[in-house]
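Subject: Structure handover

Hello,

Here is the structure for your files. My notes on it follow below.

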Amino acid sequence: VTIYGASWCQPCKVLEAALKARKIPFEEVDVDQNPQAYAMAKKASGTNGIPLTLVQRGGTMRWILGADPDAVERAYRGES
């Protein structure tokens, strides 16, 4: 699980706290510090906004826009 977000983004902080509480491991990519990685994520996901979360499971990639910990957990667990 990779979250593209920013230190000033309140929804990003909410999402990160929710994933920590659910014990879902994730990496953070600060879009201000790494704009190139964010540009690649925007292109791959076809969307623009943060938090933007990538959940990779096996060969499947799922992009989730917004602070939606339920959707991230479903993707992390392999549910639809």
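In which sense do E1 and strand E2 pair, and over how many bridges? E1 and E2 (residues 27-30) pair in the parallel sense, over four bridges; strands count as paired if DSSP finds at least two bridges between them. Within E2, Asp-30 is the bridge partner of Gly-5. Between the two strands the chain passes through helix H1 (residues 10-21), and this β-α-β crossover is right-handed (with the strands pointing away from the viewer, the path from the first strand over the helix to the second runs clockwise).

This is a predicted model: local features need pLDDT of at least 70, side-chain atom pairs count only at pLDDT 80 or more, and totals for chains, interfaces and linings use all residues. Residues are numbered from 1 along each chain as its sequence is written, and side-chain values use heavy atoms, with hydrogens and water left out. Helices (H or I, at least four residues) and strands (E, at least two) are DSSP runs, numbered from the N terminus.

E1 (residues 2-5) also runs antiparallel to strand E3 (residues 52-57), joined by three bridges, and Thr-2 has Leu-54 as its bridge partner there. From E1, Thr-2 and Tyr-4 point one way, Ile-3 and Gly-5 the other, and all are buried (under 20% relative accessible area, 1.4 Å probe, protein chains only).

In helix H3 (residues 69-77), Pro-69, Ala-71, Val-72 and Ala-75 are buried. Seen down the axis of H3, these residues fall within an arc of 160°, so they line one face of the helix; the arc is taken from the directions from the helix axis to the C-beta atoms. They pack against H1, E3 and strand E4 (60-65), contact meaning heavy atoms within 4.5 Å. Gly-78 follows H3, with a positive phi near 85°.

Regards

Conventions:
Buried < 20%, exposed > 50% of the residue type's maximum accessible area, 1.4 Å probe, protein only.
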